[in-house]
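Hello,

Here is the structure I promised to pass on. Please open it next to this email; my notes follow below.

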Amino acid sequence: MTRNASDYSLKFLGTGSGGQPDMGCSAAVLELNQQPVLLIDCGYGTLSAYQKHYKRLPQAIFITHGHLDHIADLEILTVQARLQQHPAIRLYVPLNLITLLHQRLATYPGAMAEGGHNFWQSFQLLPVTDTFIHQDLTFRLHATRHHQPGSSYALHLPGVLFYSGDTRPIPEILCHELSGQERIFHDCGLQPNPSHTGLDDLAREYPPALRQRFVLYHYANEQAAAALEQAGYQVARPGNSISLGTESNA
């Protein structure tokens with residue numbers, strides 16, 4: 001069956017930055033006809049939001065980087081999956097991040113009080129480098145600028161979406177590696193720092209035609225969201241489901 005970009009949407013479970021809990025930790029779900037295909041990141045609060053909306057545990061997750069606001073709920077997920085005897089959850093992790101992920105989450109002695117469980121038993125770890133295939137979709141990875149080389153990765157489904165993860169501006173990727181059809185979901189707050197893009201960075205680094213395809217997330221609070229909108233950008237909020245084939249969102 002031929003699928004069109006209009007069949008896909010991106011459901012935001014949270015859109016906030018790690019230090020500001022008001023908007024929830026940034027995480028989103030690629031959907032096909034409103035059904036979940038792939039969860040992007042799993043920070044604190046993400047699992048609860050996912051279960052509230054979909055009434056089940058995720059079946060596949062992609063991790064952009066190893067900060068706890070993007071991975072913390074994996075610890076809760078491994079326990080819930082074990083208690084529910086859930087099939088192994090596919091966990092797509094960029095190769096460079098596996099050691100960090102193991103050190104941060106999998107080395108705690110006794111993943112469950114009852115014993116007999118280790119963190120990785122709940123997951124099918126799938127190391128990824130340049131590309132990976134999930135549900136007959138070929139995704140691409142792009143290393144982004146996140147204060148340390150090789151520490152954060154964007155997720156790209158050609159012709160459908162580009163999800164930046166945490167990053168400084170990346171015009172070398174967005175101006176040269178995309179097909180021209182993707183909706184671009186870009187990390188952006190009001191102020192820049194060594195890990196994140198700021199509002200003024202966008203106009204300096206990206207041409208107007210590209211910026212028209214942006215949807216911004218990973219900002220501090222509702223006041224920041226309103227300021228980004230006043231600057232002319234579409235902004236994702238928790239609960240938004242954004243069609244990847246049109247300019248509309250719900």
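Strands β1 and β14 pair in the antiparallel sense, over 3 bridges. Leucine 10 has isoleucine 242 of β14 as its bridge partner. Please keep in mind that this is a predicted model.

On to the other pairing of β1. Strand β2 (residues 27-32) joins β1, also antiparallel, over 6 bridges. There, phenylalanine 12 stands opposite alanine 28 of β2. Is β1 buried or exposed? In β1 (residues 8-14), 7 of the 7 residues are buried, so the strand is largely enclosed by the rest of the structure.

The sheet around β1

These strands belong to an open sheet of 7 strands with mixed pairing. Its order is β6-β5-β4-β3-β2-β1-β14. The edges are β6 (123-128) and β14 (241-243). Each has a single partner strand, so one side of each is left without a neighbour in the sheet. From one strand to the next, the twist averages 25°.

Now look at the β6 end. Strand β5 (residues 89-94) pairs with β6 in the parallel sense, over 6 bridges. Leucine 91 has leucine 125 of β6 as its bridge partner. Helix α4 (residues 98-106) lies across β5 and β6. The helix runs at about 120° to β5.

The other sheet

A further 7 strands form an open sheet, again with mixed pairing. The order here is β7-β8-β9-β10-β11-β12-β13. At the edges stand β7 (131-134) and β13 (234-235).

Strand β10 (residues 161-163) runs parallel to β11, and 3 bridges join them. Leucine 161 stands opposite arginine 183 of β11. Next, 4 bridges join β11 to β12, which run parallel. Phenylalanine 185 stands opposite valine 215 of β12. Then β12 (residues 214-217) pairs with β13 in the parallel sense, over 2 bridges. In that pairing, leucine 216 has valine 235 of β13 as its bridge partner.

Strand β11 (residues 183-187) deserves a look of its own. What covers each face in terms of residues? Arg183, Phe185 and Asp187 are buried on one side, and Ile184 and His186 are buried on the other. In a regular strand, side chains alternate between the two faces of the sheet.

Aromatic pairs

How many aromatic pairs does a search of the whole structure find? It finds 12. In one of them, the ring centres of phenylalanine 12 and phenylalanine 185 are 5.8 Å apart and the planes are at 50°, so the pair is tilted. Phenylalanine 12 lies in β1 and phenylalanine 185 in β11, so the pair ties together parts that are 173 residues apart in sequence. Both residues are buried.

Tryptophan 120 and phenylalanine 123 form an edge-to-face pair. The distance is 6.5 Å centre to centre, with 75° between the planes. Tryptophan 120 and phenylalanine 123 are buried. There is also an aromatic cluster, formed by Phe12, Tyr163, Phe185 and Tyr217.

From the record

UniProt places the feature "domain: Metallo-beta-lactamase" at residues 24-196, in an unreviewed entry. Over that stretch the chain is 21% helix and 29% strand. The end C-alpha atoms of residues 24-196 are 17 Å apart.

Best wishes

Definitions and conventions
Residues are numbered from 1 along each chain as its sequence is written. This is a predicted model: local features need pLDDT of at least 70, side-chain atom pairs count only at pLDDT 80 or more; totals for chains, interfaces and linings use all residues. Side-chain values use heavy atoms; hydrogens and water are left out. Two strands pair if DSSP finds at least two bridges between them. Axes are lines fitted to C-alpha atoms, for helices over the stretch in contact, and angles run from 0 to 180 degrees between N-to-C directions. Contact means heavy atoms within 4.5 Å. Buried means under 20% relative accessible area, exposed over 50%, partly exposed in between (1.4 Å probe, protein chains only). UniProt positions are given in the numbering used here, feature names are shortened, and annotations may be inferred rather than shown by experiment. Rings of Phe, Tyr and Trp (its six-membered ring) pair if their centres lie within 6.5 Å; planes under 30 degrees apart count as stacked, over 60 as edge-to-face and the rest as tilted.
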